[in-house]
Amino acid sequence: MRWRDTSGVKWRLRQQRLAWPRRIKPEAAFELAPAGIGDDPISLIIAAPFILAFAVMVPLWLAEFAARLAAAPVATALRLGSVIPYQLELSRKGQLICRYSARGRSELVALRTQLARH
């Protein structure tokens, strides 16, 4: 859910849909990426750490993503049964402000409504 407050600031409220938050982030490998990979043999040697990090991160990320997808129906059933809480993240101008937990669907709806009025 996205909205702007009266002063024009962008707010965003995100609900965690899968079983748990993402732990492995392949974007970290892109920080090692040099510009102009493959222009010459030297750039390929310089890019070796990036290629190695990317080759390790992508399979790990895919395995985690598959596990999160496989566990999503169980997590959904447990959330509906109020066994585990719903997780909400409130962001302002793209920066995380706070995390909230709500047990049960009715508490989730009330919390979302309250935060949207924020």
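Here are some friendly notes on the structure above, point by point.

1. **Ground rules.** This is a predicted model, in which local features need pLDDT of at least 70, side-chain atom pairs count only at pLDDT 80 or more, and totals for chains, interfaces and linings use all residues. Residues are numbered from 1 along each chain as its sequence is written, and side-chain values use heavy atoms, with hydrogens and water left out.

2. **Confidence.** The predictor's confidence in each residue, pLDDT, runs from 0 to 100. Its mean over the chain is 82, and 91% of the residues reach 70 or more. Helices (H or I, at least four residues) and strands (E, at least two) are DSSP runs, numbered from the N terminus. Among the elements of the chain, the highest mean pLDDT, 88, belongs to helix 3 (residues 48-80), and the lowest, 70, to helix 1 (residues 27-30).

3. Four strands form an open sheet in the order 1-2-3-4, with antiparallel pairing; two strands pair if DSSP finds at least two bridges between them. Strand 1 (2-4) and strand 4 (95-102) are the edges, and each has a single partner strand, so one side of each has no neighbour in the sheet. From one strand to the next, the twist averages 20 degrees; angles run from 0 to 180 degrees between N-to-C directions, and axes are lines fitted to C-alpha atoms, for helices over the stretch in contact.

4. **Strands 1 and 2.** These two antiparallel strands are joined by 3 bridges, and Arg-2 has Arg-12 in strand 2 as its bridge partner. They form a hairpin with 5 residues between them, and Gly-8 in the turn has a positive phi of about 90 degrees. Val-9 touches Trp-3, Arg-4, Arg-92 and Lys-93, not counting residues up to four places away in sequence; contact means heavy atoms within 4.5 Å.

5. Strand 2 (residues 10-15) and strand 3 (residues 86-92) run antiparallel and are joined by 5 bridges. Ser-91 belongs to strand 3 and stands opposite Arg-12. Towards strand 4, Ser-91 is opposite Leu-96. Its contacts, leaving aside neighbours within four places in sequence, are Lys-10, Trp-11, Arg-12, Leu-96 and Ile-97. With 14% relative accessibility, Ser-91 counts as buried.

6. **Strands 3 and 4.** Their antiparallel pairing extends over 7 bridges. The hairpin has 2 residues between the strands, and Lys-93 takes a positive phi near 55 degrees. Most residues other than glycine have a negative phi. Ser-82 counts as partly exposed, at 34% relative accessibility.

7. **Helix 4 and the core.** Helix 4 (residues 105-116) lies across strand 1, strand 2, strand 3 and strand 4, and runs at about 150 degrees to strand 4. The largest nonpolar core has 11 residues: Trp-3, Val-9, Trp-11, Leu-13, Tyr-86, Leu-88, Leu-90, Ala-102, Leu-108, Leu-111 and Leu-115. Strand 2, strand 3 and helix 4 are the elements that give two or more residues to this core. A nonpolar core is a set of buried Ala, Val, Leu, Ile, Met, Phe, Trp, Tyr and Cys residues joined through side-chain atoms within 4.5 Å.

8. The whole structure has 1 aromatic pair. The rings of Trp-61 and Phe-65 have centres 5.5 Å apart and planes at 10 degrees, so the pair is stacked. Rings of Phe, Tyr and Trp (its six-membered ring) pair if their centres lie within 6.5 Å; planes under 30 degrees apart count as stacked, over 60 as edge-to-face and the rest as tilted. Being 4 residues apart in helix 3, Trp-61 and Phe-65 are separated by about one helical turn. Trp-61 is partly exposed at 25% relative accessibility, and Phe-65 is partly exposed at 32%.

9. **Val-58.** This residue lies in helix 3 and, at 23% relative accessibility, counts as partly exposed. Val-58 and Trp-3 are 55 residues apart in sequence, with 34 Å between their C-alpha atoms.

How values were computed:
Buried < 20%, exposed > 50% of the residue type's maximum accessible area, 1.4 Å probe, protein only.
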